[in-house]
Amino acid sequence: MKLGIVGLPNVGKSTIFNAITQAGAEASNYPFCTIEPNVGMVAVPDERLDVLARMYESKKITPATVQFFDIAGLVKGASKGEGLGNQFLSHIREVNAICHVVRCFEDSNVTHVDGSVDPMRDIETIELELILSDLEMVERAVAKTEKLAKADRSLAPTLELFEQVKKTLEAGQLIRTLSLTDEQKLILKGMNLLSDKPMLYVANVSEDDLAGGLGEYAAAVQRFAASQGAGFVAISGKVESDLAELEPEERKEFLADLGLESAGLDRLISAGYSLLGLMSFLTAGEKETRAWTIPVGTKAPQAAGVIHTDFERGFIRAQIVSYNDLVACGSVAEARARGLLRLEGRDYVMQDGDVVEFRFNV
């Protein structure tokens with residue numbers, strides 16, 4: 001899973017990025033501190049892996065991973081070259097979803113590029129820049145397809161789609177608000193348009209708001225996200241920075257004192273998985289215990305292909321036991337004795353937490 005982080009300067013993008021990836025991106029109280037895009041790889045927290053590794057006496061644990069791309073803060077007029085322009089938006093066109101960090105806290109020591117805290121205004125500013133950046137690409141696509149369609153009538157539906165998208169963008173609307181057919185979605189997918197990507201709004205709140213319930217600013221962002229069918233999570237950049245410096249046991253105590261069950265990273269990744277319709281299946285053995293990320297609804301042969309294309313090509317069947325059943329039994333042998341170890345075929349739809357051994361022949 002690849003997530004691109006966007007937002008205005010000084011909203012806490014790099015602070016949150018640093019905390020969750022511990023990658024050390026510079027974070028300072030002035031605009032455009034992040035000049036080149038920072039990329040951080042983090043492991044998806046999954047306690048099931050540790051349990052399975054002990055059970056199988058695995059030599060290695062390999063979690064699923066998430067890549068975060070942090071780019072320079074955008075400002076009003078970025079698409080026309082203001083600030084650093086939109087040159088860095090190209091770095092996040094390949095991501096699966098966009099994390100829009102919105103400042104939802106007051107602090108006189110941290111300047112705001114527009115002089116005051118107003119989350120809804122900030123959201124409008126950023127999304128307009130995404131729309132304008134997409135419009136530039138779509139206008140080129142329309143011009144090119146118009147020429148080609150004169151000689152190839154089969155391109156007429158594609159040209160009609162591009163013109164529909166252009167009108168939507170010119171009206172200041174995001175592409176993901178359009179109702180499109182699967183075929184149309186496939187055409188647009190190849191263009192990697194930013195306003196077509198799933199959006200996860202990340203409210204950067206104060207420590208008090210995180211512990212005591214959402215404040216007015218964050219609540220407004222949450223309502224807006226719900227109205228857009230987008231994801232939402234509240235994180236305190238300050239809290240995440242403090243957590244990053246603590247040992248695991250100290251982190252648990254710190255979170256407990258705040259009345260939180262999990263860190264911001266866990267909640268952010270969980271929200272990302274939910275937004276994108278993703279889940280994990282598990283493989284375990286003496287050599288390695290590992291988590292694999294797949295879309296919800298994936299069938300067994302395609303899940304096998306995530307491990308290796310040969311597994312999908314020569315798929316015979318999958319030996320599966322659910323994680324909960326396996327842990328309750330204590331061993332694969334006991335799960336088999338109780339009839340909980342199953343052999344599934346090509347039509348089996350994978351479930352989150354399936355512990356799998358694929359059988360194949362090529």
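A: We begin with arginine 251, which is located in helix H9 (residues 248-257). Helices (H or I, at least four residues) and strands (E, at least two) are DSSP runs, numbered from the N terminus. The model is a predicted one, in which local features need pLDDT of at least 70 and side-chain atom pairs count only at pLDDT 80 or more, while totals for chains, interfaces and linings use all residues. Residues are numbered from 1 along each chain as its sequence is written, and side-chain values use heavy atoms, with hydrogens and water left out.

Q: Is arginine 251 buried or exposed, or does it fall in between?
A: Buried means under 20% relative accessible area, exposed means over 50%, and partly exposed lies in between (1.4 Å probe, protein chains only). With a relative accessible area of 32%, arginine 251 is therefore partly exposed.

Q: Which residues is arginine 251 in contact with, leaving aside its neighbours within four places in sequence?
A: Contact means heavy atoms within 4.5 Å. On that basis, arginine 251 touches Gln22, Leu243, Ala244 and Leu246, its neighbours within four places in sequence being left aside. As for serine 262, 11 residues separate it from arginine 251 in sequence, and the C-alpha to C-alpha distance is 9.4 Å.

Q: What does UniProt list for "binding site"?
A: UniProt positions are given in the numbering used here, feature names are shortened, and annotations may be inferred rather than shown by experiment. The unreviewed UniProt entry lists Asn10, Val11, Gly12, Lys13, Ser14 and Thr15 under this heading. Asparagine 10 lies in the loop between strand S1 (2-6) and helix H1 (13-21), and it counts as buried because its relative accessibility is 14%. Threonine 15 belongs to helix H1; its relative accessibility is 30%, so threonine 15 counts as partly exposed.

Q: How is the packing of helix H3 and helix H7 described?
A: Two packed helices are described by the angle between their axes and the distance between the axes. Axes are lines fitted to C-alpha atoms, for helices over the stretch in contact, and angles run from 0 to 180 degrees between N-to-C directions. Helix H3 (residues 119-149) and helix H7 (residues 216-228) have axes 9 Å apart, at an angle of about 45 degrees. H3 is therefore oblique to H7, given that angles under 35 degrees count as roughly parallel, over 145 as roughly antiparallel, 65 to 115 as roughly perpendicular and the rest as oblique. Pro119, Met120, Ile123 and Glu127 of H3 make the contact with Tyr217, Ala220, Val221 and Phe224 of H7.

Q: Which strands stand at the edges of the open sheet of 6 strands?
A: Two strands pair if DSSP finds at least two bridges between them. The strand order is S2-S4-S1-S5-S6-S7, with mixed pairing. Strand S2 (38-43) and strand S7 (231-235) stand at the edges; each has a single partner strand, so one side of each lacks a neighbour in the sheet. From one strand to the next, the twist averages 25 degrees.

Q: How do S8 and strand S9 pair?
A: Strand S8 (residues 278-284) and strand S9 (residues 289-295) are antiparallel, joined over 7 bridges. They form a hairpin with 4 residues between them. Methionine 279 has isoleucine 294 in S9 as its bridge partner. Of the 7 residues of S8, 6 are buried.
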